[in-house]
Amino acid sequence: MMFAPLMRQLLRGRRPPALVDEGELPYHDVPRLTSAMTETSRELRDRGYVDYPVFVHLETLAICNAACSFCPYPTLDRKGVKMPDATVEKVINDLTVIPPHFLFRFAPYKVSDPFLEPRLFDIIELAESKLSNMRVTLITNGSALTERKIEELKKVKRVNYLTVSLNFDDEEEYERVMQLSFRRTLERLDMLHKKVAAKELAFPVRVSRVSGGRQDDESFLRFVRARYPAFPVYVVPRNDWIGEVVTEGALNEVPDAPCHRWFDLSITATGDVAMCCMDGRTQYSHGNVNNEHALKIYNHPTLRALRKNLASRRATGAPCDRCTYLAS
């Protein structure tokens, strides 16, 4: 794989998880996903991302209006914590050390919905003014995505993609699991889809689901493709967040592969840096950006060794040797 294609993949978003056509659960194409994770990890290492993150999560406000059973948010200790403006600015200044030819994605959320953050567009504006090599990545449940916010989003110069985590096509199940209004969310998606179809947005918008079983997954895919043909749609394999959220249908085997998430910097609203995106409760932190440089934490000897050696997760020790996260 050449460098330019790799960077196109990183900046547009990693490839959607693969589903196979036959077999029982888990029916994601595990060998293909495992191979893709290995390939991406090696390419990132060989291109210098041992030193610099390829993906930065910055959770500036730990709040979400959904209560999904497959997410750790409902039981977070830091729920409602707001990162001080000074810390936000410090982290962005820390990231200016990343050389301009190292492109990376900047995600102003973690276990949160970015569109519930009143400072969102001010934070993005600050990041864009100081980080010419970053691209903004956004994932939302869509409920808070008002027309005003979409218009603000249109002004952002470097949006990588927007993903709406819809998860269900059945109104009763959606409202029972997510505890949001299904009709309101669809109204927001209808509005967004019209703008995408009219080519008013300069970035891709896609819809996702956390897998819940073949029949329901296929129903969801049909629903989205029929109602929102301008949105690519994909299904994410369900996992257990390193044992934090155990639900039926989650993958239960640790991949025999390294992990491209070792190349992420995942900062929570308290300033603690999580092991990765799957460390939702920050049980495996290696530092806090309030009193350390963000890149010094990223280059903690333990984390750096993972990126350099790229051993199979099964041989790395806790917590990676029991993490079932799998994505291309």
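Where is Glu125 found?

View 1. Glu125 is found in helix H4, which covers residues 120–130. The model shown here is predicted. Glu125 is exposed, with a relative accessible area of 52%. In sequence, Glu125 and Lys155 are 30 residues apart. In space, their C-alpha atoms are 9.6 Å apart. Lys155 is exposed too, at 59% relative accessible area. Lys155 forms a salt bridge with Glu152. In that pair, the closest N and O atoms are 3.2 Å apart. Glu152 is partly exposed, with a relative accessibility of 26%.

**View 2. Eight strands make an open sheet.** Read the strands in order: E6-E5-E4-E3-E2-E1-E7-E8. The pairing is mixed. Which strands are the edge strands? They are strand E6 (233–236) and strand E8 (273–274). Each of these two pairs on one side only. Strands of a sheet pair through backbone hydrogen bonds, and the pairing can be parallel or antiparallel.

**View 3. Strands E1 and E2 run parallel.** Strand E1 spans residues 55–58, and strand E2 spans residues 104–107. Three bridges join them. Val56 stands opposite Phe106 in E2. His57 stands opposite Ala107 in E2. Now look at where the side chains of E2 go. Phe104 and Phe106 point one way. Arg105 and Ala107 point the other way. All four of these residues are buried.

**View 4. Strand E3 pairs with E2.** The pairing between E2 and E3 is parallel, over three bridges. Arg105 stands opposite Arg135 in E3. Strand E3 takes in residues 134–140. How many of the seven residues of E3 are buried? Five of them are, and the strand is mostly covered.

**View 5. A salt bridge links Arg304 and Asp51.** The side chains of Arg304 and Asp51 meet at 2.7 Å, N to O. Arg304 lies in helix H10 (residues 301–309), while Asp51 lies in the loop between helix H2 (30–46) and E1. The pair therefore ties together parts that are 253 residues apart in sequence. Arg304 is partly exposed, at 25% relative accessible area. Asp51 is partly exposed as well, at 31% relative accessibility.

**View 6. Salt bridges also occur in a buried pair and in a network.** The count of salt bridges in this model comes to 19. One of them joins the side chains of Asp264 and Arg261, at 2.6 Å, N to O. Are Asp264 and Arg261 buried or exposed? Both are buried. Elsewhere, salt bridges link five residues in a network. Its members are Glu147, Glu151, Lys154, Lys195 and Glu200.

**View 7. Negative charges gather on the surface.** Which residues form the patch of negative charge? They are Asp170, Glu172, Glu175 and Asp216. Take Glu175 as an example. Glu175 sits in helix H6, residues 171–178. Its relative accessibility is 32%, so Glu175 counts as partly exposed.

View 8. Most residues other than glycine have a negative phi. Thr282 lies in the loop between E8 and helix H9 (294–298). With a relative accessibility of 15%, Thr282 counts as buried. Leu310 is placed in the segment after H10. Leu310 is buried, with a relative accessible area of 10%.

View 9. Most peptide bonds are trans. Pro319 lies in the segment after H10.

Conventions:
Residues are numbered from 1 along each chain as its sequence is written. This is a predicted model: local features need pLDDT of at least 70, side-chain atom pairs count only at pLDDT 80 or more; totals for chains, interfaces and linings use all residues. Side-chain values use heavy atoms; hydrogens and water are left out. Patches are made of residues with over 30% relative accessible area and no salt bridge: like charges are joined within 9 Å, nonpolar side chains (Val, Leu, Ile, Met, Phe, Trp, Tyr) within 5 Å. Accessible areas come from the Shrake-Rupley method with a 1.4 Å probe; for residues, only the protein chains shown count as cover. A salt bridge is a side-chain nitrogen of Lys or Arg within 4 Å of a carboxyl oxygen of Asp or Glu. Lys and Arg count as positive and Asp and Glu as negative; His and the chain ends are not counted. The place of a charge is taken as NZ of Lys, CZ of Arg, CG of Asp or CD of Glu. Helices (H or I, at least four residues) and strands (E, at least two) are DSSP runs, numbered from the N terminus. Buried means under 20% relative accessible area, exposed over 50%, partly exposed in between (1.4 Å probe, protein chains only). Two strands pair if DSSP finds at least two bridges between them.
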